[in-house]
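Hi,

Here is the model I promised to pass on.

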Amino acid sequence: MTAEISETGIGKPARRKEDFRFITGNGHYTDDINRPHQTHASFLRSPHAHARIRSIDISDAEKAEGVLAVFTGQDIARDELGGLICGWTVTSKDGEPMKVGPHPVLALDTVRYVGDHVAMVVAETREQAEAAAELIDVDYDALPAAVSLASCQNGDAPQVHPEAPRNTCFEWELGNKAETEAAFSKAARIVSLDLENNRLIPNAMEPRAAIGEFDKGTGDYTLWTTSQNPHVARLVLSAFVGVAPEHKLRVIAPDVGGGFGSKIFIYSEETACAWASAKVGRPIKWTGNRSEAFLSDAHGRDHLSKAELALDADGKMLGLRVKTVANLGAYLSTFSAAVPTYLYGTLLSGQYDLPAIHVEVDGVYTHTAPVDAYRGAGRPEATYLIERIAETAAREIGMDPAEFRRKNFVREFPHQTPVIMNYDIGNYEASLDAALEAIDYKGFPARRAEAESRGKLRGIGFSTYIEACGLAPSAAVGSLGAGVGLWESAEVRVNPTGNIDVLTGSHSHGQGHETTFAQLVSSRLGVPLDDVEIVHGDTDKVQFGMGTYGSRSGAVGMSAISRALDKIEAKAKKIAAHLMEAAVEDIVFENGTFTVQGTDKSMAWAELSLAAYTAHGFAGSDLEPGLKEGAFYDPTNFTFPAGCHICEVEIDPDTGVTKIANFVAVDDFGTIINPMIVEGQVHGGIAQGVGQALLEHGVYDPESGQLVTGSYMDYCMPRADDLPSFRLGFTTTECPSNPLGMKGCGEAGAIASPPAIINAVTDALNIREIAMPATPARVWAALQARQPRAAAE
Amino acid sequence: MYQFNYHRPKTLDEAVKALAGADDPKLLAGGQTLIPTLKQRLAMPSDLVDIGSLTDLRYIKAEGDALTIGAGTKHADVAASADVMTHNPALARLADNIGDPAVRHMGTLGGSIANNDPAADYPGACLGLDAKIHTTKRLIEADEFFTGMFETALEDDEIIKEVTFPHPEKAAYMKFANPASRYAMVGVFVSKGPWGIRVAVTGAGQDGVFRASEMEAALEKNWSPDAVANVKISPDGLNTDMHGSAEYRAHLITVMAKRAVEAAG
C-alpha cells in the first residue's frame, strides 16, 4: 500500500481519477441532467447592436403549440428583480466611482448588442420554444451603434448608457506619475509602440446551460448551472438579483466542460431559468448552442494601448508610460472592471527592475458583447505590452534581446514594484538560461541561414513573463474595490472506516482537482489515492467557496485543505495519545501510522478513524467524538509564477503562412503536485496563446455591430496541426507565502506565449509591429509593405 | 430545425416524383451542408427527399479513357479507390483533403457539386478536368454546369446520376485553406489532357469556380511552373473578407497554380 502511495504522492504524475468517467461518456454535465416534468427555454435575442424597443407583441408566441409562458423584461421588472452586477468597483483618477449602466436580466426599453436578451419562451420541448420565440413581434427603432474601440469615446459617438458620457465607464490610473515623467525627461532613449490586444471569444467545449427548479412545498430553488464558482452565483442571485434568499437557493455546478473564465460570471439565462421556474411551476432547462455562445458568452481582451519605455544610455530601463483603452462591451459583466485595471496595471513591471511606471486605463462601453476575464485576464495584456516593447527596445538599441532582459531583471527579493505588487521570490535568470539552452539559442543563426536557403524567413522571439496568481489577500482586494474576499475554504471529513471526503470551495472544470487535491490528502494522511473523494460544486454540500479562476485553486484552495489537514492531524494525535496513554508530544504520525515515540505502541489510520467515531475510549478526556475539520485560508500575498518562453517561427513569404518551428517554455510554478497535469495546463495555455497570436479574432462589423465571427467558419480555433510539439522545462523557487509553496500554473501558457510568438514573427519579417492575430493575409500584407512590389519582382 | 415532410425514395424515379410533387423541396444526400443549415434554422424546405440510401448511386468505374463516379459516392471512397489513384491521383488527393474524416465518410460527389459552394473543392476538379455531369434528364458539360455562387444549371426536378472524369495526362490540385473553416480560400486545379490545358480556380471568385484563361494560355506555350509564376491575376471579381483581400487571393492563385504545376510534373 505504501508503494502505491509513493506513486501518487506530491510530485508524481498520478493518472487523473476523473478521466474514466469523462472518456467513457459517464460525466454528468448540466445538459445530461433531466428533471421530472422538465420544460425547455429559448431566448429571443436582439438582431440589432443598438435599438430602442417600441413594443413587444407576445400574443402569437403564447398561443403556439406547447408554449407554457413567455416572459419579457417587464415581467422581471414587475417582480422587482435586480439587474446583473459587477462585483468590483473601480474608482477613476478624479475620485469618482465608475459609471455603471443598468444590466437588466431581459432588456427593458433598449437593446445594446447583437445577442442581447429580449424575451424568454418556456415550452414543453426545446423545438417548440425556439419556434415560438420566432413568433414574438418586436418593434425595434434601430439606432446607430458605437462599435469601434478607437472611436467610441468621440463626442459624436452613439451612447451606450446615458450614465456614462463619452461611453467612458472609468478613467483609472496607477503608478508614480511624477517619477515617471522625471524618468522620461532624463532618458537617453524613448521607445514607443502602439499595440492592439485582439478580442477573443472563449469557446469552452461545453456551452453554458442551466436548469432552474422550484419546490412549491418548501419554497426552495435549485439551480444546476455551468459555473466555475457556484457559491458566488448563489450570493449574487440572492443578495443582488433577489431571486431567492441565500438559504432557499441551492446552486449546483456539476461536471463542467471548460470555462477559461467565461463561466465565472452570472448571466441572464441561468438567472431567468431559476426565477421563471417558480412562475411556471416546473423545472426549466436551457442549453446554449454554439451560436449563442459566440454571441453572448463574455468575450476577452480587446485593448488598444500606447506604450513608451524610457532607457538610459546603457540600456537600463528607467520608466514605463502606458495609455490603454479597454473595451468593456455593452454591460459590465461580473468582474469586468477588475480585469483591465488591477489584474493588468499591476503586472506592467514584468520581471524588470523598473523604478517608475505610470499607467492610465480608460474602461469604455461599446455596443458589443460584455468583455470580462478570459484565461489570464489582464495579465496576458500586460505581458504582451511589456514583452513586446522590451524586445522592440532591445532591437532598437542593438542589444541581444536575452541580454537586454538579463540586464534589467529583478534580482533581489522581496521586490516592491511601483504598481502595488510585491514580488516575493523568483529566479528569472535561471528560467531564461534553461530556455536558451533548450532552444539552442547559439544555433539559431545557422537555423535561420538554412531556412533562408529554402526560401523561408525564420525568426526568434522571447517572453520573460511574470503573472500574479493565488487570488488573493482579501484585505488587499477589498481596499482596491472588490466586493468579495478571495480566500478559500475546505473541510476534511474522515469517515469511520478511514476513507476521506474532502469538501472544497474550488471548482474543477478540467483542471484535475479530483486527482491533485487527493494526492495532497493521500500523501499527508498515508491513505491510498482512491480512498480520498473530492466533493465540490454544490452549495448544499460545501458551506462556502470562492471558486476556480486566476490559477488560485492550488495556491489558495489546496492551502485551505492543507490547513484543515493540520487540524485533522492535531486532533488525531490527541485521540491517539489518549488511546495509547501517551503524551500528545510523543505521538509521531508517519505513513498512516501513529506511534508513541520510543515505544512499540502504534495505531493504524483506519483503527484511529473508527475509534474517533465509536468514542468508546474518550471517557475522562475533553475530546469530542468524530474527526472532521474545516479551514478558511486567506492568502497573505499574491503568488508570482514566472518563466521564459522562446518561440521560433518560419514564414513562407509566398503565402504569408507562419509555422511555429520550435517552442520552449520554462516555468517556475513553485511546488508541483502532479507534473503531468501541470504540463497539460501549460500545453493548453500555449495552444490558446498561439490562438491569440496567430488565429483567433472576435470581429464585429464596425457599422452594423453584427458579429462577423459568429461561427467556426470565421472564428479560427487552434487545431492540432497548428501547434508544434512544445518543449517544457521547470525551474523552482518555492512560494514563501503559502504552506505548500505553490504558485499556480493554469494561465501561464496563455499569458506568456503571445508576445514570444509575435516577437518571433516581427523578427522573421524584420518589421516593428504586426497586429494579432498575425494571419497569413496580414503577414503577406506586411511583406508587401516592407518590400515595394517592384523590388520583389 | 423547422418541420418538413420526409421522403425516402427507393429509386431515382421515385425521388424525381417526390421532388416534382413538393412545394419547396430539398434533396438530401450526405447532408454535410444541409443538415447543419437545417439545425441552425437557416433553411425551411417543405420536403426533404433523402437519396442518401440509394446505394446504386455509389460506384467508381474505370472504363475506357475515363472514370465514371456515381453521384452518391462518398469522398472517402474516391480517396481510397485504386482506380482513381491509378488514373487520376490528383482527384483522389483532392477528395482526401475535403473537410474532416466525418465529412469525407458522409459527403457525396453529387451533393458537393449540386450545392456548388464557391469554396468547395469538387467544382474545381470538374471544371479542371472537363468533366461530364450526367443527370436524370441529360448530360451537362462542366463548363455549363456551374453558373454562379451556389447556382448550377440543374433544374428543380433534375438529379445528378454520375460524373465522368476523362483521364488527364497530368493534373494536380493545390488548396490554400481558409485558416478558420479549412474550406478552399484559393484552390487551383491544373491539368493537361485530351481537352488541352485547364486551370480551374475555386474559393477565390465571387461567382464561384472559374477558369484562369491567361494561365491556360501561358501553359499552352510552356508547361512549367515558371510559366504561371509570372501570370498576375486581376483582383476584380475576387472575394474580400476578414481572411484576406482580393489582392491577396489574386496573389495566392498564382502561388497555388505554380505549386500545382510543380506537383503535376
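A definition to start with: the radius of gyration here is taken over C-alpha atoms, and the globule rule is 2.2 Å times the number of residues to the power 0.38. By that rule a compact globule of 265 residues would be near 18 Å, and chain B agrees because its own value is 18 Å.

Before the rest, some housekeeping. This is a predicted model, where local features need pLDDT of at least 70, side-chain atom pairs count only at pLDDT 80 or more, and totals for chains, interfaces and linings use all residues. Residues are numbered from 1 along each chain as its sequence is written, while chains are lettered from A and ligands numbered from 1 in the order in which they are written.

Back to chain B. Its C-alpha atoms fill a box of roughly 55 × 45 × 30 Å along the principal axes. Of its 265 residues, 48% are buried (20 or more other C-beta atoms within 10 Å of the residue's own, C-beta atoms being placed from the backbone).

Eleven residues of domain 1 of chain B are in contact with 16 residues of domain 2 of chain B, contact meaning C-beta atoms, placed from the backbone, within 7 Å. Helix α1 (residues 12-20) of chain B gives the largest share of the domain 1 side, five residues (helices are DSSP runs of H or I, at least four residues, numbered from the N terminus).

Cheers

Technical notes: Contact = placed C-beta atoms within 7 Å. Helix = DSSP H or I, 4+ residues; strand = E, 2+ residues; numbered from the N terminus. Buried ≥ 20, exposed ≤ 12 C-beta atoms within 10 Å, placed from the backbone.
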